[in-house]
Amino acid sequence: MSNVTNDKGALDGMYWGEKPKTSENNNGALTQSDFFALLTQQLAYQDPTKPVENDQMIAQMTNFTMADGISQLNTNFKDFATTMNSSQALQASSLVGQYVLVKSDDLVFDGKNDVVASANFPENATNVKVSIKNESGVVVRSVTIDKADAGRLQLPWDGTTDTQAVNEDGTPKVDDKGNPVMELAKAGVYTISVEGSIAGKNEAIVTSVYAPVTSITLGNGTTQGLLLNVYGQGQKKLSDIEEIAT
């Protein structure tokens with residue numbers, strides 16, 4: 001009777017080893033090491049009579065290198081975008097409390113402080129008419145300017161209306177020099193419109209308004225970017241700012 005020897009070494013390699021664990025960080029994506037392992041296996045099992053052409057091998061390596069480079073570029077671009085957002089947030093924070101010029105026709109009068117608008121004339125204009133209306137659409141203040149040069153024309157409004165104030169006894173109110181004292185508009189939102197004659201044709205002029213930045217809103221990085229909260233004008237992008245008052 002022959003002896004049976006339990007030779008474990010003879011059985012090595014006849015069973016599947018432990019399945020290698022996939023890195024949890026790459027989400028199952030192939031890495032550069034995986035690619036070269038596959039390429040090595042491809043070369044090991046190729047038909048010796050029909051080996052892989054050099055240009056095919058170079059093409060495979062080039063394609064993977066390009067894909068890996070694009071992946072790294074995307075990662076670097078995300079880091080760059082994050083840095084840019086942080087830089088923009090830092091710059092925008094310095095605007096809080098500053099007056100900025102934004103395209104608008106809304107004037108927010110608080111009942112005492114002046115409001116400054118701006119009209120941007122594309123060419124020289126004559127017979128310029130400025131009208132300020134209340135929320136009901138009634139004109140409370142109107143001014144006529146003989147001429148305006150091309151460019152920006154600032155239009156400050158101190159809140160006075162075209163209506164003369166009256167005393168308690170009902171008589172028209174005047175100052176010490178006998179000049180009429182005009183009524184002050186109530187606090188609220190008003191609308192300004194500017195028209196002028198350019199080359200013989202009456203045209204509406206685009207207006208802008210100076211208003212303070214009250215705060216900033218950081219975007220979520222997908223649907224919107226950083227926004228400035230401008231008093232009485234809502235949220236504005238940095239690109240919407242036409243001028244920063246000093």
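**Reading contacts and strands in a predicted model**

Mentor: Arg141 has a relative accessibility of 26%, so Arg141 counts as partly exposed. Buried means under 20% relative accessible area, exposed over 50%, and partly exposed in between (1.4 Å probe, protein chains only). This is a predicted model, in which local features need pLDDT of at least 70 and side-chain atom pairs count only at pLDDT 80 or more, while totals for chains, interfaces and linings use all residues. Residues are numbered from 1 along each chain as its sequence is written, and side-chain values use heavy atoms, with hydrogens and water left out.

Trainee: What does the side chain of Arg141 meet in a salt bridge?

Mentor: Side chains of opposite charge can pair when their charged atoms come close. The cut-off is a side-chain nitrogen of Lys or Arg within 4 Å of a carboxyl oxygen of Asp or Glu. Here Arg141 meets Asp162, at 3.0 Å from N to O. Arg141 sits in strand S5 (residues 139-148) and Asp162 in strand S7 (residues 160-164), so this pair links distant parts of the chain, 21 residues apart. Helices (H or I, at least four residues) and strands (E, at least two) are DSSP runs, numbered from the N terminus. Asp162 is also partly exposed, at 35% relative accessibility.

Trainee: How many salt bridges does the count come to?

Mentor: The count is two. Glu242 forms a salt bridge with Arg152, with the closest N and O atoms 2.7 Å apart. Glu242 is in strand S13 (residues 241-244) and Arg152 in strand S6, 90 residues apart. Glu242 has a relative accessible area of 32% and is partly exposed; Arg152, at 37%, is partly exposed too.

Trainee: How many aromatic pairs does a search of the whole structure find?

Mentor: A pair of aromatic rings is described by the distance of the centres and the angle of the planes. Rings of Phe, Tyr and Trp (its six-membered ring) pair if their centres lie within 6.5 Å; planes under 30 degrees apart count as stacked, over 60 as edge-to-face and the rest as tilted. The search finds two pairs. Phe109 and Trp157 have ring centres 5.3 Å apart and planes at 45°, so this pair is tilted. Phe109 belongs to strand S2 (residues 106-109) and Trp157 to strand S6 (residues 151-157), so the pair ties together parts 48 residues apart in sequence.

Trainee: Are Phe109 and Trp157 buried or exposed?

Mentor: Phe109 and Trp157 are buried. Trp157 also pairs with Tyr190, edge-to-face, at 5.2 Å centre to centre and 70° between the planes. Tyr190 lies in strand S9 (residues 188-198) and Trp157 in S6, so this pair ties together parts 33 residues apart. Tyr190 is buried as well, and Phe109, Trp157 and Tyr190 form one aromatic cluster.

Trainee: Which residues in the largest nonpolar core touch the most other members?

Mentor: In soluble globular proteins, nonpolar side chains tend to be buried together. A nonpolar core is a set of buried Ala, Val, Leu, Ile, Met, Phe, Trp, Tyr and Cys residues joined through side-chain atoms within 4.5 Å. This core has 21 residues, and Leu107, Phe121, Trp157, Tyr190, Ile192 and Val194 touch the most other members. Among the strands that each supply at least two residues are S2, S6 and S9. Another core, of ten residues, lies apart from this one and includes Leu95 and Val213.

Trainee: What does Ile192 touch, not counting residues up to four places away in sequence?

Mentor: With contact meaning heavy atoms within 4.5 Å, the residues touched by Ile192 include Asp105, Leu107, Val130 and Thr207.

Trainee: In what sense do S9 and S10 pair?

Mentor: Two strands pair if DSSP finds at least two bridges between them. S9 and S10 are antiparallel over five bridges, with Glu195 opposite Ala204 in S10. S9 and S10 form a hairpin with two residues between them, and Ala199 in the turn has a positive phi of about 55°. Strand S1 (residues 99-103) also pairs with S10 in the antiparallel sense, over five bridges; Tyr99 has Pro212 as its bridge partner there.
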